[in-house]
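Try each task before you read its solution.

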Amino acid sequence: MNFIIKLLDVVALLEDLPEQGLYRGQVGTVVDEYDAEFVEVEFSDLQGCTYALEAFSKLQLMILHHSPLAETKWLKSQPSLQKPVLNR
C-alpha cells in the first residue's frame, strides 16, 4: 500500500537529525503542506508542549496508523470481533 502524507497525519521520522535534536522514530503531526514534496511537522511532548517545528521531505517520514488498514487473518478468525451486518 502506498499512502500520501497529508495535513494532520501522524508521522514518524525515518532518520536521525542530531543537529535539529530529532531522531529516528520520533512522532509528530503534519501541520502544513508546502508542496507535493515537503511538509511541516510539529513534535510535541506528552503534555502537548511543542519541542520542534521543522520542514521535511515526505521521504523522511512514514505515516503511523492506529487501527487496522485491512482485516488481518487473525481478525477474520475472531467471530466475537466481527462487525454485525444490519439487514435493511
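Two exercises follow, each with a worked solution.

This is a predicted model, in which local features need pLDDT of at least 70, side-chain atom pairs count only at pLDDT 80 or more, and totals for chains, interfaces and linings use all residues. Residues are numbered from 1 along each chain as its sequence is written, and side-chain values use heavy atoms, with hydrogens and water left out.

**Exercise 1.** Find Lys-58 and work out which side chain of opposite charge is nearest.

Solution. Start with the location: Lys-58 sits in the loop between strand E4 (50–57) and strand E5 (61–63); strands are DSSP runs of at least two residues, numbered from the N terminus. Next, check burial: Lys-58 is buried, meaning under 20% relative accessible area with a 1.4 Å probe, protein chains only. Finally, look for a partner: Glu-33 is the nearest side chain of opposite charge, 4.6 Å away, and Lys-58 has no salt bridge (a side-chain nitrogen of Lys or Arg within 4 Å of a carboxyl oxygen of Asp or Glu; Lys and Arg count as positive, Asp and Glu as negative, and His and the chain ends are not counted).

**Exercise 2.** Describe how Phe-43, Tyr-51 and Phe-56 are linked by ring pairs.

Solution. First, Phe-43 and Tyr-51 make a tilted pair, 6.2 Å centre to centre with 40 degrees between the planes (ring centres of Phe, Tyr and Trp, its six-membered ring, within 6.5 Å; planes under 30 degrees apart are stacked, over 60 edge-to-face, the rest tilted). Second, Phe-43 and Phe-56 pair edge-to-face at 5.9 Å and 80 degrees. Phe-43 lies in strand E3 and Phe-56 in strand E4, so this pair ties together parts 13 residues apart in sequence.

How values were computed. Helix = DSSP H or I, 4+ residues; strand = E, 2+ residues; numbered from the N terminus. Buried < 20%, exposed > 50% of the residue type's maximum accessible area, 1.4 Å probe, protein only.
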